[in-house]
Structure formats: structure tokens, C-alpha cells
Amino acid sequence: MTWFVLLFIYSIKGGITIHTKIIRYLVGYVFITSGVMKIVSEDLGNYFTSLGLPYPILLMNAVAIIELICGILILANKWVKQASIPLMAIMIAAILLTKVPILHTGLIAFAFNARLDIIMLGLLAILYKQDMKRGWDKTHL
């Protein structure tokens with residue numbers, strides 16, 4: 001985990017070559033499939049209800065639509081910076097609602113359960129930071 005944090009900080013400062021097209025494809029894939037699963041899975045509806053949020057099914061459907069639209073925009077390299085913002089908010093909310101409560105069991109359990117959310121948040125931050133219209137896909141960082 002430490003190497004990822006150092007790599008992330010180094011990449012944000014512009015000191016590493018990362019092919020943002022691959023990051024876009026991976027991030028787009030994750031959020032498109034996540035959005036689709038929220039729409040088709042009854043289990044996720046039950047899970048959202050168990051979180052104690054107001055209007056859980058409506059909220060889940062809104063999150064699914066945002067994930068689908070923003071995932072498609074990122075995949076298509078359209079408004080990547082703007083599409084990253086709501087997805088970062090969703091990831092932060094997911095960490096706060098589903099991972100922070102695990103902290104009482106220990107830091108290692110929290111780190112394990114939050115690892116993919118944290119990685120996705122880091123990849124979204126990299127996409128937000130990059131100016132995709134200036135050709136970063138061709139010239140690298």
C-alpha cells in the first residue's frame with residue numbers, strides 16, 4: 001500500500017509516465033459495471049436499505065445513473081475532469097458510509113476493506129488532474 005501512495009503522490013506532481021488511456025478504460029469499466037449492477041441486483045437494493053439512508057432505492061438508482069453516465073464519459077474521453085468529480089464524491093461517501101465503521105475492528109481491517117475504494121479514488125484524482133484535451137494520451141505525463 002505504501003508504494004501506491006508514493007506512486008500516486010509522485011504522479012500527481014507530474015514526475016511519472018502513466019498512460020491515461022489505460023486508466024480511463026479501467027475506471028470507465030469499473031463504474032459502468034457498478035452502475036449496471038446497482039440497477040439489476042436486488043441484493044444491492046437491500047444493502048442500500050441497510051445503510052439507513054433516506055430514500056435508499058431512489059438514492060441507489062441516482063448513484064447508478066451517475067456512475068453509468070460518468071463512466072461512459074470517461075471511457076469516451078469526454079468531459080473527463082467534470083465526470084471525475086461526482087465519482088470522487090461517490091467514492092468518498094462509500095468510504096465514509098461502509099468502510100469507516102469498520103475502523104473499530106482495527107486499522108488493518110479498515111485498510112483491507114477500503115483498499116479498492118482508495119485505489120479508485122486515487123485513479124479518479126489522476127484523471128481529474130490531467131488535462132485530457134491537451135493530448136496527454138499521446139505524450140504521456
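How many salt bridges does the count come to by the rule used here (a side-chain nitrogen of Lys or Arg within 4 Å of a carboxyl oxygen of Asp or Glu)? The count comes to 2 salt bridges, and both get a view below. This is a predicted model, so to speak of local features takes pLDDT of at least 70 and side-chain atom pairs count only at pLDDT 80 or more, while totals for chains, interfaces and linings use all residues. Residues are numbered from 1 along each chain as its sequence is written, and side-chain values use heavy atoms, with hydrogens and water left out.

View 1. From the N terminus on, the elements run α-α-α-α-α-α-α; helices (H or I, at least four residues) and strands (E, at least two) are DSSP runs, numbered from the N terminus. Of the 141 residues, 35% count as buried, where buried means under 20% relative accessible area, exposed over 50%, and partly exposed in between (1.4 Å probe, protein chains only). The accessible surface comes to about 8600 Å², and 72% of that belongs to carbon and sulfur atoms; areas come from the Shrake-Rupley method with a 1.4 Å probe, and for residues only the protein chains shown count as cover. Take the contacts (heavy atoms within 4.5 Å) between residues at least 6 apart in sequence: 68% of them join residues at least 24 apart.

**View 2. The largest nonpolar core has 18 residues.** Such a core is a set of buried Ala, Val, Leu, Ile, Met, Phe, Trp, Tyr and Cys residues joined through side-chain atoms within 4.5 Å. V27, F31, I74, L87 and L124 have the most contacts inside this one. Helix 2 (20-40), helix 4 (56-75), helix 5 (80-99) and helix 6 (107-129) each supply at least two of its residues. Zoom in on L87: leaving aside neighbours within four places in sequence, L87 touches F31, I66, E67, C70, G71, I74 and L124.

**View 3. K38 and E67 meet through their side chains in a salt bridge.** The N to O distance is 3.1 Å. K38 sits in helix 2 and E67 in helix 4, 29 residues apart, so the pair links distant parts of the chain. Both partners are buried.

View 4. D117 is buried at a relative accessible area of 14%, and K99 is buried at 15%.

**View 5. Two charged ends sit over rings.** The rule asks for NZ of Lys or CZ of Arg within 6 Å of the ring centre and within 35 degrees of the ring normal. For K81 over Y128, the distance to the ring centre is 5.2 Å. For R115 over F112, the distance is 3.9 Å.

**View 6. N77 and W79 have positive phi without being glycine.** Phi is about 60° for N77 and near 50° for W79. N77 lies in the loop between helix 4 and helix 5, and W79 has its place in that loop as well. Buried or exposed? N77 counts as buried at 18% relative accessibility, whereas W79 is exposed, with a relative accessible area of 58%.
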